[in-house]
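Biologist: I'd like to talk this chain through with you. Plain words, please.

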Amino acid sequence: MTVAHQPSMFDVAPCAALTPLAGRVTRHDLDHGAWVDHLPGWVEGSDDVLEALLGDIGWREDRRQMYDREVAVPRLLRWFGAGEPLPHPLLTDARRDLDAHYLAELGEPFVSAGMCLYRDGRDSVAWHGDRIGRGRSHDTLVAIVSFGSPRALLLRPLGGGASVRFTVGHGDLVVMGGSCQRTWEHCIPKTAKPVGPRVSVQFRPRGVA
């Protein structure tokens, strides 16, 4: 698989590196016990990681039934289960740092890494919560590291309401915690603006998908 990518002129670090989490993450409290942590530019020199993720790492195109026909899911997917090597060493380091920072709140480590490739502005994900498994009934954390072109991440209360918007760009971190997966929904909408590829890496604990 080949996806065109123009490296950012602003991302000048020679190789990928993580910046500290403590004292730099901004927490946004939502209703019903949900919250979102946001740290722009957590990963420096992230072009290196993006190039690896845009390579042949086993991306697949899923299909789903929509009314009377089967359609392609508008993004490519890759799932790395517990113990499966990740496609760039920085991602292993990122999971380690997230474990260290959030262990007191989460009470367990992050074990899986789901990945979505949004090839251009036509790729998207509809409103949803990560409610397969324990996310349906228990508070949990989902940590998302973004690589590539900035895209809008929207959140709204479950069932509808005013949305909250985050722009997730190259090397940014977003962590959804508390009751966020049960009481809120999130999406990546389509955009008519010309945008390059974006890879979303979602770290989750055991039994959450």
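Biologist: Of the contacts in the chain with a separation of 6 or more, what share comes from residues 24 or more positions apart?

Modeller: Those residues account for 79% of them. A contact here means heavy atoms within 4.5 Å.

Biologist: And where does the model come from?

Modeller: It's a predicted model: local features need pLDDT of at least 70, side-chain atom pairs count only at pLDDT 80 or more, and totals for chains, interfaces and linings use all residues. Residues are numbered from 1 along each chain as its sequence is written, and side-chain values use heavy atoms, with hydrogens and water left out.

Biologist: OK. How many helices and strands are in the chain?

Modeller: Three helices and 15 strands. They're DSSP runs numbered from the N terminus: helices are H or I with at least four residues, strands are E with at least two.

Biologist: What percentage of the residues in the chain is buried?

Modeller: 51% of the 209 residues. Buried means under 20% relative accessible area, exposed means over 50%, and partly exposed is in between, with a 1.4 Å probe and protein chains only.

Biologist: How do the seven strands of the open sheet line up?

Modeller: The order is E2-E3-E13-E10-E15-E8-E7, with antiparallel pairing. At the edges are E2 (26–29) and E7 (76–80), each pairing on one side only. From one strand to the next, the twist averages 20 degrees. Two strands pair if DSSP finds at least two bridges between them. Angles run from 0 to 180 degrees between N-to-C directions, and axes are lines fitted to C-alpha atoms, for helices over the stretch in contact.

Biologist: Let's zoom in on E15. Which strands is E15 joined to by bridges?

Modeller: E8 (residues 110–118) pairs with E15 in the antiparallel sense over eight bridges. E10 (residues 142–148) runs antiparallel to E15 too, joined by six bridges.

Biologist: Which residue stands opposite glutamine 202?

Modeller: Glycine 114 does. You'll also find cysteine 116 opposite serine 200, and phenylalanine 147 opposite valine 199.

Biologist: Are the faces of E15 covered or open?

Modeller: Both are covered: Arg198, Ser200, Gln202 and Arg204 on one side, and Val199, Val201, Phe203 and Pro205 on the other, are all buried.

Biologist: Switching to helices. Which strands does H2 lie across?

Modeller: H2 (residues 89–106) lies across E2, E3 (34–39), E8, E10, E13 (173–178) and E15, and runs at about 125 degrees to E8. H2 also has a kink of about 45 degrees, centred on alanine 100. That bend is the angle between axes fitted to the seven residues ending there and the seven starting there.

Biologist: Which residues of H2 are buried?

Modeller: Among them are Leu90, Leu91, Ala94 and Leu98. An α-helix has 3.6 residues a turn, so residues three or four places apart point the same way.

Biologist: What does valine 49 touch?

Modeller: Leaving out residues up to four places away in sequence, valine 49 touches Ala16, His88, Leu90, Leu91 and Phe147. Valine 49 sits in helix H1 (residues 47–53), and counts as buried because its relative accessibility is 0%.

Biologist: And histidine 32, is that one buried or exposed?

Modeller: Exposed, because its relative accessibility is 59%. Histidine 32 is in the loop between E2 and E3, and its phi is near 65 degrees, a positive value in a residue other than glycine. Most residues other than glycine have a negative phi.

Biologist: Last topic, pockets. How much space lies in the largest pocket?

Modeller: About 550 Å³. On a 1 Å grid over the protein atoms alone, a pocket is an open set of points where a 1.4 Å probe fits, with protein on both sides within 12 Å along at least five of seven lines, and lining residues have an atom within 4 Å of a point. Points are joined across faces, edges and corners, and the volume is the space filled by probe spheres set on them.
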